[in-house]
Amino acid sequence: MYNPTVARLTYRALLGRRRALILSALPALLLVIAVAVRLLNGADDRAATEILGGFALASMVPLIGVIAGTGAIAPEIDDGSIVYLLSKPLDRRTIITTKLIVAIGVTLAFTTIPILLAGFILNGNSQTIAGAFAVAAAVASVAYSAVFLLLGTVSRNAVVFGLVYALVWETLFGSVVPGARTLSIQQWAMAIAERIAEPGADITSEVSLGTGLVLLAVATVLGTWYSARRLAALTIAGER
């Protein structure tokens with residue numbers, strides 16, 4: 001279920017100069033904010049929770065997920081180069097699984113490491129806040145990658161729809177509107193952060209840990225499964 005050649009081509013596409021700069025922008029901003037807050041306020045648990053939860057997990061992780069998830073396959077479908085890959089004797093599930101693994105790896109690298117570093121800068125991992133959000137980001141990265149990879153197989157406007165989801169649903173509605181919070185990958189991952197962090201960290205989620213884990217698994221499995229189906233249909237029909 002993993003092909004090194006497909007992985008190499010996908011990594012090359014995702015980590016080209018332009019896309020790598022875009023992927024690096026938000027983590028760099030997070031670290032700059034963390035350093036500035038630490039210099040101005042000193043170690044502050046509340047500030048760490050607000051920045052890692054309100055900016056990193058709510059905005060940075062889904063946005064990077066959009067870039068990595070859609071970028072793993074959407075450009076190849078849009079420019080038609082996917083035909084060359086599909087002409088090879090490769091199982092379509094192997095192609096999707098490989099691209100998902102690459103998208104997850106890229107998303108993890110550009111989210112969990114910066115979040116962990118930012119957390120240590122902000123409060124030295126007091127009350128396990130940095131570790132809690134790093135783990136939550138890692139789990140969310142898997143679900144986001146699967147969802148946005150699926151989006152890349154079903155729409156020619158995958159990036160636009162992904163950005164709308166990340167900026168409007170996850171960042172705005174997922175953080176503010178009570179009913180929408182329960183349908184947010186951010187909140188599902190937040191349940192994990194809530195369990196890992198110490199009680200005084202003031203991290204709360206709209207869903208229980210069990211519900212969050214189940215929904216994250218469902219989003220990942222269904223996203224991967226339907227992406228493979230869409231790719232199989234593409235080889236038969238020759239178009240979306």
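**View A. Right-handed crossing of helix 6 and helix 7 in the predicted model**. In this predicted model, helix 6 and helix 7 cross with right-handed geometry. Helix 6 spans residues 92–123 and helix 7 spans residues 129–154. Their axes lie 8 Å apart and form an angle of about 150°. Because angles over 145 degrees count as roughly antiparallel, helix 6 and helix 7 are assigned to that class. The residues in the contact of helix 6 with helix 7 comprise 17 nonpolar, 9 polar and 1 charged.

**View B. Ile115 and its surroundings in the largest nonpolar core**. This core contains 70 residues. Those with the most contacts inside it are Ile115, Phe133, Leu30, Leu52, Leu57 and Leu231. With residues up to four places away in sequence set aside, Ile115 touches Leu30, Leu52, Ala56, Met60 and Val61 as well as Phe133, Ala134 and Ala137.

**View C. Ala43 in the loop between helix 2 and helix 3**.

**View D. Ala43 and Asn123**. Although Ala43 and Asn123 are 80 residues apart along the chain, their C-alpha atoms are separated by 4.4 Å. Beyond its neighbours within four places in sequence, Ala43 is in contact with Leu122 and Asn123, and also with Arg38.

Terms used. Residues are numbered from 1 along each chain as its sequence is written. This is a predicted model: local features need pLDDT of at least 70, side-chain atom pairs count only at pLDDT 80 or more; totals for chains, interfaces and linings use all residues. Side-chain values use heavy atoms; hydrogens and water are left out. Axes are lines fitted to C-alpha atoms, for helices over the stretch in contact, and angles run from 0 to 180 degrees between N-to-C directions. Helices (H or I, at least four residues) and strands (E, at least two) are DSSP runs, numbered from the N terminus. Angles under 35 degrees count as roughly parallel, over 145 as roughly antiparallel, 65 to 115 as roughly perpendicular and the rest as oblique. A crossing is left-handed if the near helix is turned anticlockwise from the far one by less than a right angle, and right-handed if clockwise. Ala, Val, Leu, Ile, Met, Phe, Trp, Tyr, Cys and Pro count as nonpolar, Asp, Glu, Lys and Arg as charged, and the others, Gly among them, as polar. A nonpolar core is a set of buried Ala, Val, Leu, Ile, Met, Phe, Trp, Tyr and Cys residues joined through side-chain atoms within 4.5 Å. Buried means under 20% relative accessible area, exposed over 50%, partly exposed in between (1.4 Å probe, protein chains only). Contact means heavy atoms within 4.5 Å.
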